[in-house]
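Visitor: I would like to learn how to read salt bridges and helix packing in a model. Please take me through them.

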Amino acid sequence: MLKPGRNDVCHCGSGRKYKKCCIELDREEERRLAAAQASGGLQSYADIERLLDQELVWEAPSYGELARELAAQMKEGYTPAQISLALFMWKEYTDANKPSFRKSGVYCAALEYLICEIQSIPSSKAELAEKYSVSVSTLSKKCTELTSFFMEQYAELQAEQPEAAAAGDDVNAEQLQQEELVKA
């Protein structure tokens, strides 16, 4: 079916012009489908559960437990795409560093904070420290540690793709890093 033009009769049969009838509904559906495609089809928390149960394999049980805690804590207020980004970041970090920890809350808080930074979601370290019952200073240290790790990953990607760096594009490095993380 061809998409009607703005001034064509609406496809719903109302007899009204498309721009005065269903154009916004169709645009919203297009945005929803694009978001689902960009997030690898993750549209609901059930998809996150499937990701945790069937697709992500953790090297240590504590890593999977932390991932579940993070997903549960982020369930309210975040999209499945944002939650999956946090989970993939945690997976990448654990595979490379094999961290040990006593309190999972500090990593959960740090990962949630990084998602807020990447996605421009207003949040403070103090709020997240309180949410996860950790100190702000400990949260800051973990945020710095995770940021350093992902910046190193980004630098390695850039080194592997010199043609992208040589292209001379004035693209924001943070934006490129965000795109690479979403692809991961």
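**Salt bridges and a helix pair**

Guide: The side chains of Asp47 and Arg50 meet in a salt bridge, 3.9 Å from N to O. This is a predicted model: local features need pLDDT of at least 70, side-chain atom pairs pLDDT 80 or more, while totals for chains, interfaces and linings use all residues. Residues are numbered from 1 along each chain as its sequence is written, and side-chain values use heavy atoms, without hydrogens and water.

Visitor: What counts as a salt bridge?

Guide: A side-chain nitrogen of Lys or Arg within 4 Å of a carboxyl oxygen of Asp or Glu. By this rule the count here is eight.

Visitor: Where do Asp47 and Arg50 sit in helix α2?

Guide: They are three residues apart in α2 (residues 45-55), so about one helical turn separates them. Helices are DSSP runs of H or I, at least four residues, numbered from the N terminus.

Visitor: Is Asp47 buried or exposed?

Guide: Buried means under 20% relative accessible area, exposed over 50%, partly exposed in between (1.4 Å probe, protein chains only). Asp47 is buried at 17%. Arg50 is partly exposed at 29%.

Visitor: Which residue pairs with Asp53?

Guide: Arg68, with the closest N and O atoms 2.0 Å apart. Asp53 lies in α2 and Arg68 in α3 (residues 61-74), so the bridge ties together parts 15 residues apart in sequence.

Key: Helix = DSSP H or I, 4+ residues; strand = E, 2+ residues; numbered from the N terminus.
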